[in-house]
Each structure stands twice: as C-alpha cells, then as structure tokens.
Amino acid sequence: MNAPDRPWHYFDTVMVIDWSAAASPRQGKDSIWIALARPGEDVTAENPATRADAMARVAEVLDAANAGGERVLAGFDFAFGYPSRFARAFGENATWRDVWAAIAQAVEEGPANRNNRFHAAAALNDRFPGDGPFYTNGLREDIAGLTRTLPDPWHDGLPARRRWTDTMAPGAQEVWKLAGAGSVGSQALTGIAALERLRQGRDDLVVWPFEMPGQGQHVLAEVYPSLIPIPDMPGMVRDEAQVRTLATRLAALDGASMEVLLHRPQALPEDARAAVCGHEAMMLAADTPQVLRAPRKGPRGPAMPYVKDPAAIYRQSFATVRDETRLDRFPETLRPLVVRLVHACGMVDVADRV
C-alpha cells in the first residue's frame with residue numbers, strides 16, 4: 001500500500017500484457033510479453049511461451065495482491081468488445097457478458113497454444129446472413145462459413161466494421177480480420193476466451209468500462225501501447241519495449257489522474273458512451289493519450305533553429321517515417337516501398353493498408 005508521505009496511487013501494481021494468438025509456443029518477437037510496474041519501482045518484463053502460462057502468471061499476481069490487500073490494473077492489448085449488432089445475434093437483450101460467454105464456449109484451447117479460433121469464428125458467423133463478419137481464414141484447409149478475404153459487400157445484416165475507440169487510435173485495426181498483416185481478430189477471440197475463464201470463480205475482478213471497480217477490486221482493461229511513442233531500447237524487441245513503457249506510464253499516474261481515466265467514458269457523447277459501456281469497450285486513454293506521455297524534464301530550453309537545408313529536411317522526414325512506421329511486419333524488399341507510400345501521403349496508417 002502507499003505510505004502516507006507518498007503520492008496516492010489508485011493501483012499498487014500495473015500489468016500490461018501484449019497478447020498473441022500463436023498456435024504453438026513462442027517467445028521473442030510477436031509473442032506474449034507481460035510487464036509489471038509498481039509506483040516508484042523499476043519495471044520488469046516476462047515472456048511466457050503460451051497463453052496458459054501467461055494466464056497462470058496473471059492469476060498469481062492477482063492472488064498475491066489479494067494476500068497483501070493491494071489492487072491491480074491488468075491491461076491487455078486486444079479488443080474487449082464488438083459493435084453492438086454483434087451482441088444482438090445472441091439475443092435481443094444480450095450484453096457483453098453473453099458475447100464473452102459465447103466466445104469462451106466456442107474457442108477451445110489445447111496444450112502448447114493449440115486452438116480452434118478459425119473454426120470458432122466460422123461458427124459465430126453462422127448467426128449472421130451471408131459472409132462475415134469474421135473473415136480471413138489463416139489455415140490451408142477451407143472452412144465453411146469463413147472467407148479468406150473481406151466480405152464484398154459488407155452488407156446491412158452485419159455489425160459495423162469498426163468500433164468507436166478504433167477511430168480514435170491511429171493504426172488500430174477492425175476486430176473482424178483474423179489473419180494477415182495488422183490483424184487483431186484472433187487476439188481478441190483467444191484473449192476474451194482466456195479472460196472469461198479467468199473470471200469464473202472470482203469475485204475480485206471487474207471488466208472496464210463495462211463495469212466500474214468497487215472497493216478492493218482489480219480491473220481488467222483494454223490497452224493499446226501504440227497510443228504513445230516508444231523510446232529506443234537497444235536489445236529489446238518492440239513488444240517488450242511497448243509493454244514496459246506503457247506499464248511504467250500507467251503506474252506513475254497519481255490516483256486522481258487514474259480516476260479521471262477510469263471515469264472518462266461517462267463524459268463521452270451519449271451515443272459513444274452507450275456503445276462503449278454497453279458493447280464495444282474502449283482502449284484506456286484512447287481519446288486522451290497525452291496523459292500517458294512522458295513528462296518534460298527540466299526547464300524548457302531555447303527554441304531550436306529551423307532546418308533550412310532541403311537535403312537535410314528530406315533526410316529528416318524519411319528518418320521520421322522509418323521511426324514511426326512498424327516496418328518489421330514487412331519483408332525487407334517491401335520496406336522501401338512502404339516508406340515511400342507513407343512519406344508521400346503523410347499518414348503512418350497508410351502502412352496498415354499495404
């Protein structure tokens with residue numbers, strides 16, 4: 001707990017988990033990373049090879065916090081919800097709880113990360129007319145009810161393609177795409193199934209922003225590490241650097257600032273609030289990412305002189321594109337083309353459409 005002479009913090013421990021839907025054990029790049037941060041202490045990171053190991057570690061941290069009378073924020077880097085019409089396929093008055101229960105029932109997890117997420121998505125698609133909403137079969141075998149490409153057209157019988165929070169976060173992808181560059185759908189399916197199983201038999205968890213925490217309850221929240229710039233951390237894969245940075249920033253927030261973040265959905269416009277709190281969920285700080293950015297250290301120095309050399313401006317602009325674009329997801333031979341496209345359009349998220 002916080003000592004009387006220290007700033008008050010809403011959470012004693014912050015976990016940030018970068019998720020993976022890999023079908024076999026994996027470590028390093030594109031795997032699960034867990035960062036643990038406590039106010040005023042150095043952040044640590046772990047790299048469990050499987051989802052089962054990761055969730056066992058999450059449960060261990062929660063149980064240890066309970067024993068010490070502490071509170072945990074566990075932020076997971078995958079979507080916690082879907083546009084509202086998706087829930088109606090499970091009943092006229094279905095809520096996010098019905099969706100989570102249905103996903104946990106459909107998605108099966110075997111040993112060593114084996115899972116049936118593509119077949120589960122096809123089964124969920126059966127609740128809708130025509131193709132979709134889930135798409136992109138990542139297996140060699142054809143799966144009835146799951147197309148390999150975006151349904152064309154995206155007809156009126158399907159839920160919306162994007163959530164409100166996705167429109168607020170540059171580079172965020174739609175929740176329906178299950179495989180391919182930038183896809184996040186498989187992470188959401190396997191992640192929601194894992195969290196629903198974690199919730200069973202526990203009364204110490206709330207799922208934000210669907211629920212608000214009571215006294216002593218831990219919070220599960222959707223996070224998006226790409227909301228903030230990631231500093232250069234030599235020797236670390238980007239996934240580890242992202243979770244370390246975000247966990248550190250969240251742990252550093254004082255209690256009042258964290259309360260503002262947690263209550264932020266209540267201040268949204270009515271239509272966005274209804275969608276976010278009822279079905280879609282929201283990335284923590286999606287519309288206020290500035291609260292997570294590193295504070296300026298020391299007094300502001302003198303203004304930097306303008307760069308007037310055209311060649312220097314040219315080099316600097318391309319360097320900025322390379323720094324801010326996730327190029328590691330593309331083959332080496334394709335990266336120069338992606339850089340040119342982003343530079344020409346002036347938008348980093350153009351890379352998400354390559």
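The model is predicted. Its protein chain has eleven helices and six strands. The chain runs to 354 residues, and 49% of them count as buried. The protein chain exposes about 17,600 Å². Carbon and sulfur atoms supply 52% of that area.

Now turn to helix α4. Helix α4 covers residues 117-125. Its partner here is helix α6, residues 185-199. The axes of the two helices come within 10 Å and cross at roughly 90°. Angles of 65 to 115 degrees count as roughly perpendicular, so α4 is roughly perpendicular to α6. Which residues make the contact? From α4 come Arg117, Phe118, Ala121 and Leu124. From α6 come Ser186, Leu189 and Thr190. By class, the contact of α4 with α6 has four nonpolar, two polar and one charged residues.

Stay on α4 and look at His119, which has its place in that helix. Is His119 buried, partly exposed or exposed? Its relative accessible area is 37%. Buried means under 20% and exposed means over 50%, so His119, at 37%, is partly exposed. Set aside its neighbours within four places in sequence. His119 is then in contact with Leu139, Glu141 and Ile143. His119 and Gly145 are 26 residues apart in sequence. In space, C-alpha to C-alpha, His119 and Gly145 are 8.8 Å apart.

Methods. Residues numbered from 1 in each chain as written. Predicted model: local features only at pLDDT ≥ 70, side-chain atom pairs only at ≥ 80, totals over all residues. Heavy atoms only, no water. Helix = DSSP H or I, 4+ residues; strand = E, 2+ residues; numbered from the N terminus. Buried < 20%, exposed > 50% of the residue type's maximum accessible area, 1.4 Å probe, protein only. Areas by Shrake-Rupley, 256 points an atom, 1.4 Å probe, with all protein chains shown as cover. Contact = heavy atoms within 4.5 Å. Axes fitted to C-alpha atoms, helices over the stretch in contact; angles between N-to-C directions. Parallel < 35°, antiparallel > 145°, perpendicular 65-115°, else oblique. Nonpolar A, V, L, I, M, F, W, Y, C, P; charged D, E, K, R; others polar.
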